[in-house]
Amino acid sequence: MTFLPFPLALADEGAAHAHPWLVEQVYHLTGLSDRELPPHVIMLLIAAVICVVGFKLLVGKPSVDKPGFGQQIVEIIVLQVRDMVEQSTGKYGFKYLGYLLPLAALILTSNLMGLFPLFESPTANFNVTLALGLMTFVYYMFMGFAQQGLGYLKHFTGGLTAGLMAIMGGIIFIFEMFSNAIRPATLALRLMINMFVDEQLGIAFGTIYQILVPVLPMLLGTFVAVVQTFIFVQLSIIYLSETVPHDDHGHEDEHAHA
């Protein structure tokens, strides 16, 4: 099979089902259609590959004595995210980094991909953002039960489990379960809508910006990509803070007060 030339792939911009050039190449190589392998899935896989390869290129060969420039950048990012997490979860912060750091890298990369002509942002698709929201939901629910056991259910009752107050606790439990159930959708919609609007504005005004101020759309798109990544990760941290055992929360508060 032969590759389509790059100009030809971008020439038919008015086509109803036009896809980025890289997506078209995947379809030609695999023989699959966009119904069998949606473009957003391809783009998300590409984003994951970029994250892994980019991390390897930045860090190179890790060194304790003489870390390279790329390794120092990665370490600064890791320390910043760790501080964000520990502010909300205390000593449990380090435990959550294994999930939050790859999540942040994947979302940021996916957001930034829409700024380049060969790509499109997979996070502008609701299926992708909903999957990310569900991942966070499953993760923090799992960590809640793993760290607190069945006692984690008390969190959903507001701690009202004794005597007549248990009735109020039961009502709170229903509302809390509903609130938690819609969290994946709210996370997904917030990220998807912002990235979709940003991508559509870039398409609508791209020609004007490229002629008059070519740097402006790149700066604006980068700002939106970073902010939306921060919001998604920060909300995930807030949800994870609810999984920390209450005794440890109180212990941390006592130390902070002292």
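Glycine 90 is buried, with a relative accessible area of 15%, a value that falls under the 20% limit used for that class. In this predicted model, glycine 90 belongs to the loop between H4 and H5, and its C-alpha atom is separated by 8.5 Å from that of valine 244, although the two residues are 154 places apart along the chain.

Helix H4 comprises residues 69-89 and helix H5 residues 93-113, and their axes come within 9 Å of each other while crossing at roughly 125°. H4 is therefore oblique to H5, and the crossing of the pair is right-handed. On the H4 side the contact is made by Val78, Val81, Arg82, Val85, Glu86 and Thr89, and on the H5 side by Gly93, Tyr96, Leu97, Leu100 and Leu101. Sorted by class, the residues of this contact of H4 with H5 comprise seven nonpolar, two polar and two charged.

An unreviewed UniProt entry carries the annotation "transmembrane region" for residues 42-59, 96-118, 124-143 and 155-175. In the model, residues 42-59 are 100% helix and 0% strand, with the end C-alpha atoms 26 Å apart, whereas the span of residues 96-118 is 78% helix and 0% strand, with its end C-alpha atoms 34 Å apart.

A further helix, H6, covers residues 126-148 and includes threonine 136. Is threonine 136 buried or exposed? With a relative accessibility of 1%, threonine 136 counts as buried, because the class takes in residues under 20%. Once neighbours within four places in sequence are left aside, the residues in contact with threonine 136 are Tyr99, Leu103, Leu187, Phe232, Ser236 and Tyr239.

Technical notes: Residues are numbered from 1 along each chain as its sequence is written. This is a predicted model: local features need pLDDT of at least 70, side-chain atom pairs count only at pLDDT 80 or more; totals for chains, interfaces and linings use all residues. Side-chain values use heavy atoms; hydrogens and water are left out. Helices (H or I, at least four residues) and strands (E, at least two) are DSSP runs, numbered from the N terminus. Buried means under 20% relative accessible area, exposed over 50%, partly exposed in between (1.4 Å probe, protein chains only). Contact means heavy atoms within 4.5 Å. Axes are lines fitted to C-alpha atoms, for helices over the stretch in contact, and angles run from 0 to 180 degrees between N-to-C directions. Angles under 35 degrees count as roughly parallel, over 145 as roughly antiparallel, 65 to 115 as roughly perpendicular and the rest as oblique. A crossing is left-handed if the near helix is turned anticlockwise from the far one by less than a right angle, and right-handed if clockwise. Ala, Val, Leu, Ile, Met, Phe, Trp, Tyr, Cys and Pro count as nonpolar, Asp, Glu, Lys and Arg as charged, and the others, Gly among them, as polar. UniProt positions are given in the numbering used here, feature names are shortened, and annotations may be inferred rather than shown by experiment.
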